[in-house]
Amino acid sequence: MPEDRDDLPPAVRTPAPTAADFDEAFSVAAASPGIRRVWELAAPDLPPEVEPFSFVSVGLLRQVALALGLSPGQTLVDLGCGRGGPGLWLAREADVSLVGVDFSAVGVGQAAHRATLFCLAGRARFVVGDLTRTGLPPASADAAVSIDAFHFATDAAAAAGEARRVLRPGRRLVLTNWQPKVPGDPRLPSRMHTNWPRLLRGAGFADVKVAARPEWHDLWTRVYRVALDLGDPGGDALLADLQDEARQRLPVANLVHRVTVTATAPGTPERDPDGR
């Protein structure tokens, strides 16, 4: 999983992952037996078709689905959709249409291909776009989700503003991410410093709520431990990347909460013609 180096001084840190970095990672993801084995061991109840490139469990996805507040037939936008698995799972569970946006053309292509695995062919589409410039029409989403992706935005405030722009009035954004236990903790990578309530309220969102559960944190660290326990990755580059990430993240894992964040776009929800 592409990551920046956090053990280096800020002035010489490796640049944030680019679309090309994720193109390369997604290109080998489907052919990584090590990553498949990690998920079989770490989250055996997760449907195999999800093939996450993030740290999700069925329990976490169910909490996200509940927070989104969708009704059948509505439209969900997945911001930073990657290969599409979690967003497709959410759309299937809620019986809604899906629009996924990602800056990786490879991820978008794989997500579109994988829609048939979720019986969503014709109800899911995926487009290349940035978290700060999705290219989607304003007020076109009944809900928006971002699974472990928002911290990759080049401008977090602009990404929050874009999420608000594409949401219909009164509708919800739900994201999964991490939040420091101590604000500004210098031991943490910069992407784990986000103050989610301040960021989202600054973009005009209301009713911002942050929730953390031990089992979500445990799943995150368990994925890392399982990856390390698999030992020599051989030629599996993606497993090797995950093991490198685990060595960086596990020592500071107790400094953060694994969270879901829910925020509501301003305004009163409009009723659809059919009463939704």
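C119 is exposed, at 66% relative accessibility; exposed means over 50% relative accessible area, buried under 20%, and partly exposed in between, with a 1.4 Å probe and protein chains only. The model is predicted, so local features need pLDDT of at least 70 and side-chain atom pairs count only at pLDDT 80 or more, while totals for chains, interfaces and linings use all residues. Residues are numbered from 1 along each chain as its sequence is written, and side-chain values use heavy atoms, with hydrogens and water left out.

The closest cysteine sulfur to that of C119 belongs to C81, 19 Å away, which is too far for a bond. A disulfide is a pair of cysteine sulfur atoms within 2.5 Å, and the structure holds zero of them. C81 is buried, with a relative accessible area of 7%.

The largest nonpolar core has 59 residues, and L68 and L76 touch the most other members. Such a core is a set of buried Ala, Val, Leu, Ile, Met, Phe, Trp, Tyr and Cys residues joined through side-chain atoms within 4.5 Å. Helix α8 (residues 214-229) gives this core its largest share, seven residues; helices are DSSP runs of H or I, at least four residues, numbered from the N terminus. Beyond its neighbours within four places in sequence, L76 has contacts (heavy atoms within 4.5 Å) that include L68, L90, V99 and A143. Another core, of 27 residues, lies apart from this one, and its members include L136, A163, W196 and F205.

Helix α9 (residues 237-249) contains Q248, which is partly exposed at 27% relative accessible area.

How values were computed:
Helix = DSSP H or I, 4+ residues; strand = E, 2+ residues; numbered from the N terminus.
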